[in-house]
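I opened this notebook to keep track of what I looked up. The entries follow the order in which I went through the model.

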2 protein chains.
Amino acid sequence: MTDADPLADPAYRAALVDLLGVLAYGEIAAFERLAADAAMAPTTNDKAALARLAVNEYHHYEELRDRLASLEVDPVAAMEPFRAALDAFHDQTAPSTWLEGLVKAYVGDGIAADFYREIANLLDEENASLVCRVVEDLGQNEFVVNTVRRAISEEPRLAGRLALWGRRLMGEALTQAQRVVGERESFDALFLGGEGREGLGLGGVARLFTVITEQHTERMKALGLAP
Amino acid sequence: MTDADPLADPAYRAALVDLLGVLAYGEIAAFERLAADAAMAPTTNDKAALARLAVNEYHHYEELRDRLASLEVDPVAAMEPFRAALDAFHDQTAPSTWLEGLVKAYVGDGIAADFYREIANLLDEENASLVCRVVEDLGQNEFVVNTVRRAISEEPRLAGRLALWGRRLMGEALTQAQRVVGERESFDALFLGGEGREGLGLGGVARLFTVITEQHTERMKALGLAP
């Protein structure tokens with residue numbers, strides 16, 4: 001980035017608003033999903049732990065909403081273009097068990113976080129740090145990994161089905177991500193770069209897919225699942 | 001209360017732990033219910049507003065959990081005796097529409113808050129103020145009342161069904177409250193009083209029912225519903 005106010009560039013501003021909008025709706029959707037998982041929790045302790053994760057997502061939503069408002073953008077309008085794709089992702093991947101919910105929380109949020117962290121490299125410092133903050137692991141991963149590993153060690157036959165589930169999550173996430181990126185022209189400006197701004201470039205796109213694939217494999221292994 | 005440490009009385013201490021336990025589980029259950037209502041919300045704004053209410057309940061749960069821990073009580077063990085009754089209440093009164101969910105949030109939580117506020121009169125100052133704080137209206141009522149009134153003014157035939165719903169909530173709440181109070185002997189000590197502690201007395205019990213009934217009527221009227 002140059003020293004000039006990056007928001008003075010309308011193409012950059014439009015892409016930033018879209019990025020904050022999709023992130024904000026993603027946080028609300030994640031809140032809902034984790035709260036629904038809390039309802040499936042086998043113990044009160046697990047219930048409270050999942051509820052805590054849901055609450056973290058809501059607080060991230062608030063930060064994003066406030067940033068959008070500070071850009072004089074209606075947060076609901078900014079989220080609207082992404083509602084259908086995110087709702088579709090969650091409808092297509094509604095967990096039918098408590099463990100499927102946990103794997104989704106870890107694998108699905110992991111894929112999203114990798115994606116947004118790479119995109120953050122294209123943003124001005126202030127907004128890059130906001131994006132990295134809201135996708136940061138707040139300890140949820142440790143809870144999920146421990147719980148899933150324990151369940152599998154108690155009942156090894158769970159591993160096959162959960163491994164399939166993890167692969168399906170990856171497929172659906174990529175499908176919806178492509179839909180979002182493809183539908184919003186604003187993102188082209190971000191990815192291709194502009195005056196005083198570097199884009200992703202071919203190398204960057206390749207890197208994005210490599211990072212997401214490698215990290216997904218690592219996460220599946222951490223859960224004790226075949227990637 | 002006398003100046004002596006009220007917690008030195010085992011009967012008082014047991015009742016307090018039970019009261020904090022039922023309140024804590026009630027907050028977790030309310031979190032889950034409001035989050036599920038958020039999933040039914042017709043707009044993103046409504047969704048975010050309900051999610052915010054759910055998050056408030058979760059923070060109340062945390063306060064109660066921490067107070068139980070500071071009494072060197074396992075919060076999960078303290079909540080356990082009340083899980084069945086509270087889950088039964090919510091299972092019996094699962095809202096089938098967004099508006100039923102809102103009426104439940106207002107009417108159901110209102111009944112609970114009236115009940116707990118009266119009981120708080122029997123507690124030491126520190127715990128009384130905690131109880132009053134966690135049942136306080138944090139602005140949710142205004143949101144609910146406005147939304148329900150608007151919906152009824154747009155579609156007046158909704159009023160009859162929602163009025164029946166409100167009466168059913170009152171009935172189920174009283175049923176489960178009696179079950180909780182009846183099953184836990186610890187509450188007898190609180191209601192009947194003890195050394196240096198006033199109980200509710202007959203007048204207090206009468207007052208409790210009068211307050212709950214009157215306030216319920218007021219809340220139904222505020223929603224534009226026949227009590």
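**Entry 1**

The scale I used calls a residue buried under 20% relative accessible area, exposed over 50% and partly exposed in between, with a 1.4 Å probe and protein chains only. A:Arg65 meets A:Asp66 in a salt bridge between their side chains, 3.1 Å from N to O. For a salt bridge I required a side-chain nitrogen of Lys or Arg within 4 Å of a carboxyl oxygen of Asp or Glu. A:Asp66 is partly exposed as well, with 43% relative accessibility.

**Entry 2. Ground rules**

I note that this is a predicted model, in which local features need pLDDT of at least 70 and side-chain atom pairs count only at pLDDT 80 or more, while totals for chains, interfaces and linings use all residues. Residues are numbered from 1 along each chain as its sequence is written, chains are lettered from A and ligands numbered from 1 in the order in which they are written, and side-chain values use heavy atoms, with hydrogens and water left out.

**Entry 3. Other salt bridges**

I found 28 salt bridges in the structure over all chains. In one of them the side chains of A:Glu63 and A:Arg133 meet at 2.6 Å, N to O. A:Glu63 belongs to helix H2 of chain A and A:Arg133 to helix H5 (residues 125-135) of chain A, so this pair ties together parts 70 residues apart in sequence. Helices here are DSSP runs of H or I with at least four residues, and strands are runs of E with at least two, numbered from the N terminus. A:Glu63 is partly exposed at 28% relative accessibility, and A:Arg133 is partly exposed at 34%.

In chain B I looked up B:Glu118 and B:Arg207, whose side chains form a salt bridge of 3.0 Å, N to O. B:Glu118 sits in helix H4 (residues 98-120) of chain B and B:Arg207 in helix H9 of chain B, so far as sequence goes 89 residues apart, and the pair links distant parts of the chain. B:Glu118 is buried, with a relative accessible area of 10%, whereas B:Arg207 is partly exposed at 45%.

I also noted a network of salt bridges that links A:Asp114, A:Arg117 and A:Arg219.

**Entry 4. How the two chains meet**

How are chain A and chain B related? A rotation of 180 degrees, with 0.0 Å of shift along its axis, superposes chain A on chain B with an RMSD of 0.0 Å. That is the relation of a two-fold axis. The superposition is by least squares on the C-alpha atoms of residues with pLDDT of at least 70 in both copies.

The contact takes 23 residues from chain A and 23 residues from chain B, where contact means heavy atoms within 4.5 Å. Of the interface residues of chain A, 100% are also interface residues in chain B, so the copies meet through the same surface. About 1900 Å² is buried between the chains, and carbon and sulfur atoms give 67% of that area. Buried area is the accessible area (1.4 Å probe) that two parts lose on being put together, summed over both.

I found four salt bridges across this interface. One of them joins the side chains of A:Glu62 and B:Arg52 at 2.5 Å, N to O. Helix H1 (10-40), helix H2 (44-70) and helix H3 (75-92) of chain A each supply at least two residues of the side of chain A that touches chain B. H2(A) gives the most to that side, with twelve residues.

**Entry 5. A loop residue in both chains**

I looked up A:Glu72, which is found in the loop between H2 and H3 of chain A. Phi of A:Glu72 is near 60 degrees, a positive value in a residue other than glycine. A:Glu72 counts as exposed, at 75% relative accessibility. In chain B, B:Glu72 has a positive phi of about 60 degrees although it is not a glycine.
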